[in-house]
Amino acid sequence: MIEKSGGWAGKILRIDVGNRSAEVIQTSHYSEKFLGGLGIAAKIAWDEIAPATGALDPKNKLIFASGPLTGTLVPGSGRMEIIGKSPRTFPEEVVTRSGMGGYWGTDLKYAGYDALILEGEAEAPLYVWISRDRIEFVDAHELWGQDTFSTQKRLKEKYGSKTQVICIGPAGENKSRIAAIVSETSFVSGKSGFGAVMGAKKVKAIAVQGSGGSIHIAHPGRLINLASHYRNLIGYNPMREWTVGYVPSDDHFRFFKKYRTGNASCFGCPLQCFAFIKVPGSDPGQIHCSSYYYMKPSYAYYGESCEGDLALWEAVILCNKLGLCTFEMAGMVPWLKDLFEAGLLTEKTSGLPLSQSGSKEFIQTLLNSIAFREGIGEILAEGTARAANQFSGAWSLYEKYYPAHGQSEHNSVRDFPGIALLWALDSRDPMIDHHAYRHLSVSRQRWPDPYTVSAEKANSISEKIFGSKIAIDHGTYAEKAGTIAYCQNRSAIINSLVLCDWIYPIFISQSREDRMGDTAAESKFLSAVTGKDYGEEELNRIGERIFNLQRATMIREGRTREDDTLHEAYFRKAEIERDTNSEAMGHTNVASDQTRPVPLQIFEEAKETYYEIRGWDKNTGRPTRETLMGLGLNEIAEELTPKEE
Amino acid sequence: MEWVTNLKFSEMNTRARRSLVANSLACTGCRTCETICSLIKTGLIMPESARLHIDRYPFEGKFVPNVCHHCSIPYCLKACPAEAIGISAKDGLVLIDKEKCNGCGSCQQACPYGMIVFDEVERRASKCDFCGGHPQCVKACPMNALGIASFQSKELK
């Protein structure tokens, strides 16, 4: 008998596509210490993915995990986390995470499973169909080679329109390191290249019917009241307005006005942060943030015209259909342009119409060549970081757009000390987990009335949450170490519950005059749902445990203090104002100096302070035995730091 | 449960009543309504048991909430052989008397909107009961896509 408690579905499904078997394990084995989502998946990865395992090795696993708040009434509870050895991380393949919004994670839970462990390697392409207790492995020869849209449509035709599907496109099948896992038109797990892992396992899709299971709620009345209270408190989160009222630029505004038919959202979310777009001549779909990567190039090429609109839209749709990460293209497109202009790559050798960067033909040729590994696509499919080692002189141009880990710049790394540290300490782009901190410290300046948060109000929020207004001050590395440690713990919690980082932690409330948010939301929700009382401090502690578990995994894979850094170019003044797509994606700080170098010595000192705060060895960045034991990570301590005899 | 009895066909058709209404253009398909409905009605979160449902067409950007209309001429009522479905004397709502329901499933077959939920284990039908006058789905919808419509009674000419 599987025990069931408030919030969790109770079961974890383990699927081996090699021998086509499935088994069920109990969530409670992990949930007390690691909650769910990121926490549970990170623990399973620690237990089951050996450090030497390659990302495309049959022994690698993908763990898709929702959490105790997923699919409950909590606003913004539609996400799930995916963990596994990533083919995308650079320079080494390491275990990392990549989230995904939408409806698949919630429906997996409604089918009765908190998480799914995908392992083994199929002999021939297949897809997995999950319906209540029935797990089917179905031949996918007919689907292999198809794009993600038609794959999903075919499966929805076969199993019913309410079926939720995650799948890969040709890029994943061909094991491109920048391949994504896609659901619907634009719910994408892209940053960690897990599409390639599914491709290596020859799993085209996992379809799930969200019925048969149910989620027990310990205090339904409390949950309903809390959900209503926090829905109001979140109020007019500017992210909601990203697609409606507040838009990053006039170009966006014009684009929306012409093509937005409505909005869309993940499960149970009041933000509706996706705009639904129909541009004649291409498929309709949802758009948000990094999907705008081709806006600047296409308008530069065509001017503001219907051709420009179609080119930028085709760039989004084709990425999602082929199953490629748009964020990677945000770096690769300008990088290729630079290579061409520097004479390091020609149209003839590359087979790409490089002189027409910004055109529809260029992006179609580029994306198809990568997804099918044709011509230069064979090299580019490895991702910009690995490809940059293939052309002489390409690396220095690459460093313009990529701060670390082979991931293109996301937020002003040079400009903001806290963000530089977050980048250096992660194994991937960290900024997907730190929007709340970013909004408080950076982007609030751009918000138009009535969403403005004055410097005075932001400072008093900072004082309340971080104990000081220096924590959000751009000018100094002082007090950033403790601040980001706190933010990392909070994001570990959010990714474990699993809630959306765009809402939580609630640092800013647009519905209050003083803009003061409420950081106790997560613990109150978790207490109401599970029936166990979680204090905010206790939850922070669990976050710290999960973060240290991730760090221990990195250390076991060989991470050292020297790896906690940025690419060298970031420690030098940039020669020119970089022409990245950050602006089109709303990422640039309006007052930013994008040429400013990260001050190496001060940066290193801040790192040391950070290690101290974390209870890690100052010289190596390894969590000490005491730290791990203190967090209840005893078995991890035993393996990582055996007691000296 | 107090029902209007001996309603003539024409009286049923022209009675004052309230109904849920939905605006599909405002709906983003987030399913908050399904979640809260199932929680209130079953004590569990189980969207398939919700008394309303969202049809999502993600490749067309269309999200269609399907709600109970508490119809002027309720097909479910007409189909019920056990007289377990009636019209509330208080506010004209179409309600099921669980005690009388024999679990035959005729109402589910009859409803053109798919608004009858059938519990296979207990063999009982359920439907929207307007949460006693204050539908929680309307309150919880973050997009204000759900609402309440009032129909005045009318004399047929």
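Analyst: Strands themselves are DSSP runs of E with at least two residues, helices are runs of H or I with at least four, and both are numbered from the N terminus. Keep in mind that this is a predicted model, where local features need pLDDT of at least 70 and side-chain atom pairs count only at pLDDT 80 or more, while totals for chains, interfaces and linings use all residues. Residues are numbered from 1 along each chain as its sequence is written, and chains are lettered from A and ligands numbered from 1 in the order in which they are written.

User: How do you know that β3 and β6 of chain A are joined?

Analyst: Four bridges link β3 (residues 62–65) to β6 (residues 113–119) in chain A, and the two run antiparallel. Pairing asks for at least two bridges, so the pair qualifies. Within it, A:Leu62 sits opposite A:Leu118 of β6(A).

User: What makes β2 and β5 of chain A edge strands?

Analyst: Each of them, β2 (21–26) and β5, pairs on one side only. They belong to an open sheet of six strands with mixed pairing, ordered β2-β1-β6-β3-β4-β5 in chain A. From one strand to the next, the twist averages 20 degrees, using axes fitted as lines to C-alpha atoms and angles that run from 0 to 180 degrees between N-to-C directions.

User: Why is A:Arg254 called partly exposed?

Analyst: A residue is buried with 20 or more other C-beta atoms within 10 Å of its own, exposed with 12 or fewer, and partly exposed in between; the C-beta atoms are placed from the backbone. A:Arg254 has 14 such neighbours, so it counts as partly exposed. A:Arg254 is part of helix α9 (residues 250–259) of chain A. Between A:Arg254 and A:Asp309 there are 10.0 Å from C-alpha to C-alpha, with the two 55 residues apart in sequence. Across chain A, buried residues account for 63% of the 645 residues.

User: How many residues does each chain give to the contact between A and B?

Analyst: Chain A gives 31 residues and chain B gives 22, where contact means C-beta atoms, placed from the backbone, within 7 Å. Elements of chain A giving two or more residues are α4 (148–159), β13 (215–216), α7 (220–234) and β14 (260–264). Chain A's side splits into 13 nonpolar, 14 polar and four charged residues. Here Ala, Val, Leu, Ile, Met, Phe, Trp, Tyr, Cys and Pro count as nonpolar, Asp, Glu, Lys and Arg as charged, and the others, Gly among them, as polar.

User: How do you know that a strand of chain A pairs with one of chain B?

Analyst: β13(A) and β2 (residues 44–45) of chain B share two bridges in the antiparallel sense. The definition wants at least two, so they pair. A:Ile215 has B:Ile45 as its bridge partner in β2(B).

Note on methods:
Contact = placed C-beta atoms within 7 Å.
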